[in-house]
Each structure stands twice: as C-alpha cells, then as structure tokens.
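Here's a quick briefing to read alongside the model. Have the viewer open and follow along.

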Amino acid sequence: MGSAELGANIFRITQTDALLKDNNVNTEKEACNTHNKVGKAVRETIEKLGGTMPEKLPTPEKSVKELENEKITYINTGANLGGAGGFNFGVREAIERGYDYAWLMDDDTIPTETALESLANKTELLKGDFSFLSSLCKWTDGNIATMNKQIITYEYIFEYEKIYNNLLLVERASFVSFYVNLSVAKKVGLPYKEFFIYGDDWEYCLRLNNEKKGYLDLDSVVIHKMASNVGADIYNVGKDRIKRNYFNYRNLTFTYRKRSKRELFKFLLECLYQFVQVPFKAKNHRLKRMWTIMKGNIVGLVFNPKIEYAEVKNK
C-alpha cells in the first residue's frame with residue numbers, strides 16, 4: 001500500500017466513523033450502507049480530480065509487514081544454553097552489532113505498552129550515566145512478583161532528584177526486565193554463561209554497579225507470567241526441580257567467595273542451617289535435597305568461570 005492509497009483509506013475511515021456517530025447508526029445494515037456511501041464518494045472525488053484509483057496504483061515492492069520484520073533479527077542458537085547462556089549470547093550480539101543498550105528479559109515476561117518508553121525516557125534523563133535500569137515486575141494479578149523484587153540500597157535516600165523521577169538506587173535486580181548500558185558491559189564483560197541458571201543476574205549487577213549505579217524504574221512495568229507467585233526454597237521445591245537448585249547453591253557460593261571471606265562464611269553457615277533443617281521441613285526426597293546443598297557448596301568453592309568480553313565487529 002502506497003502513500004496515496006493509504007491517505008485515501010484513512011480519509012474514508014475517518015469520514016465513515018464521523019457519519020456513524022452523527023447519524024446514530026446502530027444496525028449492521030445501516031453501517032454497511034454508510035461505508036459504501038462514503039467509499040463511493042471518495043472514488044468519485046478521485047476520478048473528478050484526475051487521480052488514479054487505488055486498485056490501479058503500483059504495488060510497493062515490500063509490504064508494511066515485511067518492512068517491520070526487517071527491523072527484527074531473530075536468532076535461534078539451536079542449543080539449550082540455560083538462562084545465563086542466553087543472556088551471555090544476547091549481550092554479546094548487541095555489543096558486536098554496535099548497539100548502545102540491550103533490553104534483557106525472560107521468555108515469559110510481558111512488557112506493558114509504556115515499559116520501554118519509560119526506560120528510554122529515563123536513559124535521556126540520566127544522560128546515559130548508569131549501568132542498568134530494572135523494571136517494576138508484577139505478577140498476572142497485579143501484585144508484585146515475589147521472586148523478582150529488587151534489593152534497594154539505603155543510599156537511594158540521598159538521591160532526591162532521582163526519587164522525584166521514580167528512580168530508586170538498587171544493588172540487585174533480576175533479568176526478568178533488565179536494560180543494560182552496553183558501554184559499561186564492554187568494561188565489565190558478559191554474564192557468566194557457565195552459571196546456566198540462577199544467580200547470574202545478581203552477580204552481573206555487582207559487576208555493573210562497580211562501574212556505575214543501577215536503578216529501578218518504577219514507571220517501567222512488566223508482567224512476569226509465571227505459573228504461580230510463590231517463591232520456592234529447597235524444602236518445598238518440586239521433585240523435578242531439586243537438581244536445578246544445585247546451580248543456585250554453586251553459583252551463590254562462587255559469588256560470595258568473590259565478594260569476601262566474611263560473606264562467604266556467613267552464606268555457608270546459612271546453607272548449613274538449611275541442610276540440618278531439611279529432615280524436619282521437607283516432606284519428601286530429603287537426602288536428595290541435602291545432597292543438592294552440599295554438592296553446590298563444595299563445587300562452588302572451586303568453581304572458577306572466566307569473564308568473557310565483546311567488542312563491536314567491523315562491518
């Protein structure tokens with residue numbers, strides 16, 4: 001559809017809509033007659049002016065849909081990289097293609113209509129002086145998503161202008177909706193793909209925050225379409241997900257180990273407490289749950305993935 005045909009259609013639609021309202025048309029037959037009447041009048045006007053009828057206009061080489069699709073690059077790796085591997089791959093691709101920012105999200109994240117607009121507005125407000133922005137994440141019932149709450153730092157109380165613009169300083173955020181400044185990502189590297197799942201977002205926040213501050217954008221809202229809005233722990237997680245918690249304990253042990261001996265010691269004490277509580281709190285598969293904690297801690301003490309970096313590729 002070319003601009004002439006598009007203009008004619010828009011004029012026909014707006015005039016028909018006006019007549020339907022002015023004449024209080026409320027039956028299907030009257031509505032069809034009104035549409036035909038306006039369409040006939042538009043065609044007669046085009047003919048009188050010596051214009052070309054819409055059906056005789058040249059067909060554009062590409063449809064609107066094709067032009068829209070050209071803006072989207074779909075990549076399927078064909079492999080199960082886990083969430084961490086997928087985010088590693090996505091950030092790398094964005095950097096190598098020369099993008100300034102990348103918006104990461106889970107496959108069950110549903111952005112509201114103004115979610116990205118708000119992130120763009122906050123980018124302009126902050127003049128790019130941030131490492132990441134995180135969206136306010138809600139569940140399908142409108143309540144805050146339990147598993148995706150940001151950790152807000154006490155320092156936010158000193159940033160009055162940011163608070164006024166609905167920006168809160170955060171230490172930790174999830175990849176459910178994570179808008180990363182790629183100029184900072186180039187310096188700190190990519191998310192650890194070896195994490196596979198769990199803990200990759202928190203560890204990445206720590207690295208990014210070491211360079212520039214990260215914020216929660218309260219005006220950018222997304223819906224996390226999870227099956228339920230209840231956090232799962234090692235005591236009550238389903239049988240099919242017990243093994244997956246190994247990655248959680250391994251990755252957290254590694255992250256605390258990198259932070260400080262003090263924090264690692266505190267975390268291991270917490271894990272020991274969970275270990276001894278499993279027989280009392282878990283209803284089934286107690287040994288399997290206990291082994292998951294122990295194995296994750298042991299491997300996490302020697303787990304040593306390397307940070308990968310990416311640069312813009314020459315075109």
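How many helices and strands are there in the protein chain? There are 11 helices and 7 strands, and keep in mind that this is a predicted model.

**The chain overall**

- The protein chain has 315 residues, and 37% of them count as buried.
- Looking at contacts with a separation of 6 or more, 76% come from residues 24 or more positions apart.

**Helix H8, under cover**

- Helix H8 spans residues 200–209 and is mostly covered, with 9 of its 10 residues buried.
- The buried set runs through Asp200, Asp201, Trp202, Glu203, Tyr204, Cys205, Leu206, Arg207 and Leu208.
- The cover over those buried residues includes helices H4 (82–96), H7 (182–188) and H9, along with strands E3 (132–138), E5 (167–172) and E6 (177–181).

**Tyrosine 256, a buried tyrosine**

- You'll find tyrosine 256 in helix H9, residues 245–259.
- Tyrosine 256 counts as buried because its relative accessible area is 17%, and the cut-off for buried is under 20%.
- Leaving out residues up to four places away in sequence, tyrosine 256 touches Trp202, Glu263, Leu264 and Phe267; of these, Trp202 is one of the buried residues in H8.
- Tyrosine 256 and leucine 301 are 45 residues apart along the chain, with 9.7 Å between their C-alpha atoms.

- Tyrosine 154 sits in the loop between strand E4 (151–152) and helix H6 (160–164).
- Together with Ile157, Phe158, Tyr160 and Ile163, Tyr154 makes a nonpolar surface patch of about 590 Å².

**Arginine 289, a buried charge**

- Arginine 289 belongs to helix H11, which covers residues 286–300.
- Which side chain of opposite charge is nearest to arginine 289? That's aspartate 233, at 6.7 Å.
- Arginine 289 is buried and has no salt bridge; a salt bridge would need a side-chain nitrogen within 4 Å of a carboxyl oxygen.
- What arginine 289 does have is a polar contact, side chain to side chain, with asparagine 284 at 2.7 Å.
- Not counting residues up to four places away in sequence, arginine 289 touches Ile234, Tyr235, Asn236, Val237, Ile242, Val278, Ala282 and Asn284.

Terms used. Residues are numbered from 1 along each chain as its sequence is written. This is a predicted model: local features need pLDDT of at least 70, side-chain atom pairs count only at pLDDT 80 or more; totals for chains, interfaces and linings use all residues. Side-chain values use heavy atoms; hydrogens and water are left out. Patches are made of residues with over 30% relative accessible area and no salt bridge: like charges are joined within 9 Å, nonpolar side chains (Val, Leu, Ile, Met, Phe, Trp, Tyr) within 5 Å. Accessible areas come from the Shrake-Rupley method with a 1.4 Å probe; for residues, only the protein chains shown count as cover. Helices (H or I, at least four residues) and strands (E, at least two) are DSSP runs, numbered from the N terminus. Buried means under 20% relative accessible area, exposed over 50%, partly exposed in between (1.4 Å probe, protein chains only). Lys and Arg count as positive and Asp and Glu as negative; His and the chain ends are not counted. A polar contact is a pair of N or O atoms within 3.5 Å; within protein, one must be able to donate a hydrogen and the other to accept it, and residues adjacent in sequence count only if both atoms are side-chain atoms. Contact means heavy atoms within 4.5 Å.
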